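The sequence and structure come first.

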Amino acid sequence: MNRAVALNPRAAELPDSQEALLEVRDFSLRRGQAVVLDGVDLVLRAGETLGLIGESGAGKSTLALAIIGLLRPPEVRLEGSMRFHGAELTRLKEADYRRLRGNKIGLIFQDATAALNPCFTVGEQIAEPLKRHLGLSKWDRREQAAALMQSVGIPDPRLRLEAYPHELSGGMQQRVMIAIALACNPELLLADEPTSALDVTIQAQIMELILERVRALNSSAIFVLHDLALGAQVCDRIAVMYAGQIVEEGPSDRVLAAPLHPYTRGLKSCAVELGSRTLIPIPGQIPPLNAMPAGCRFAPRCAKAQAICGQQRPLAETRDGRQVACWFID
Ligand SMILES: Nc1ncnc2c1ncn2[C@@H]1O[C@H](COP(=O)(O)OP(=O)(O)O)[C@@H](O)[C@H]1O
Ligand SMILES: [Mg+2]
């Protein structure tokens with residue numbers, strides 16, 4: 001869509017599907033006429049963590065929901081490919097998705113209060129995937145649920161099994177959601193702004209907990225975050241998303257130390273300025289979905305933009321060990 005050249009030159013450089021746990025290729029998602037995700041490419045290998053970074057409205061949650069199959073036709077239109085262990089997710093039947101979701105792929109939402117069911121005890125909710133996917137007996141489920149609660153730092157787990165969500169603090173509810181997401185040892189965890197609904201004082205603690213569990217299970221994870229520095233700190237790789245496109249993707253240390261895309265640079269200087277207590281945002285905002293520029297979607301906000309930027313979409317190029325989509329990389 002909106003592409004100057006149809007084929008992605010990256011394809012030949014990336015490993016074959018066998019090596020990738022999740023492989024997203026030229027993936028687009030439309031809501032009606034609006035192209036919400038446009039030609040997204042991502043590869044996640046086993047045991048790798050990826051930070052998906054971008055400001056609000058970039059399409060991060062849309063991508064996470066599409067991967068886990070909660071945004072599907074006819075609600076949206078999908079193009080391109082998403083493969084998990086080589087299996088094409090865009091063609092998966094709902095029954096097959098149900099076997100993946102909460103089992104091979106776990107999901108942590110931003111808001112545990114909204115995600116947990118107020119009518120069931122937390123013990124029942126942690127035990128549910130253990131019954132559905134692993135077929136554990138009632139007694140084993142109870143034991144395993146208590147062990148999971150212990151593993152996410154919930155004190156007196158046997159007592160808390162009987163608690164309803166509203167009887168727990170926000171932090172404890174988030175721990176319950178982490179326990180549910182990791183109950184079946186998923187190979188892939190999607191964590192969509194997992195700490196942003198929590199008090200600042202416990203955000204780092206919960207982030208640390210998720211990372212520790214992901215490492216202990218040797219799972220892969222995608223962390224949706226809006227903070228570039230935090231993403232680089234906790235993830236192996238960073239993918240920067242702007243207006244439904246990945247504009248820069250590569251190893252965290254390089255992306256943070258020497259960002260190449262003007263938007264990544266803007267995100268980095270925002271963070272630096274915020275550190276010194278003067279917030280200087282990138283001027284302007286993401287264009288509305290019904291008025292996306294034909295060329296580079298960042299061009300209207302970019303100080304370096306030239307005529308071509310407004311006319312043709314830049315394709316991702318390999319530069320300094322990463323992928324950057326910009327007509328004027330230095
Ligand atoms: N349910 C919806 N209906 C219509 N548009 C939506 C819906 N959810 C999100 N959008 C739009 O899709 C775009 C991407 O949103 P989202 O994926 O939530 O971004 P992010 O998670 O990066 O903040 C935004 O323009 C947003 O307004
Ligand atoms: Mg979001």
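## Nonpolar core

Contact here means heavy atoms within 4.5 Å. Leaving aside residues up to four places away in sequence, Ile222 touches Leu22, Leu44, Leu50, Leu52, Ile67, Leu188, Leu189, Leu190 and Ala191. The largest nonpolar core has 89 residues, and those with the most contacts inside it include Ile222, Phe223, Leu63 and Leu89. Such a core is a set of buried Ala, Val, Leu, Ile, Met, Phe, Trp, Tyr and Cys residues joined through side-chain atoms within 4.5 Å, where buried means under 20% relative accessible area with a 1.4 Å probe, protein chains only.

The model is predicted: local features need pLDDT of at least 70, side-chain atom pairs count only at pLDDT 80 or more, and totals for chains, interfaces and linings use all residues. Residues are numbered from 1 along each chain as its sequence is written, and side-chain values use heavy atoms, with hydrogens and water left out.

## Helices 4 and 5

Helices are DSSP runs (H or I, at least four residues) numbered from the N terminus. Helix 4 (residues 122–132) packs against helix 5 (residues 138–151) at an angle of about 115°, the axes being 9 Å apart. Axes are lines fitted to C-alpha atoms over the stretch in contact, and angles run from 0 to 180 degrees between N-to-C directions. Helix 4 and helix 5 are therefore roughly perpendicular (65 to 115 degrees).

## Helices 7 and 8

The axes of helix 7 (residues 170–182) and helix 8 (residues 200–217) come within 11 Å and cross at roughly 15°. That makes helix 7 roughly parallel to helix 8 (under 35 degrees).

Key: Chains lettered and ligands numbered in written order. Helix = DSSP H or I, 4+ residues; strand = E, 2+ residues; numbered from the N terminus. Parallel < 35°, antiparallel > 145°, perpendicular 65-115°, else oblique. Buried < 20%, exposed > 50% of the residue type's maximum accessible area, 1.4 Å probe, protein only.
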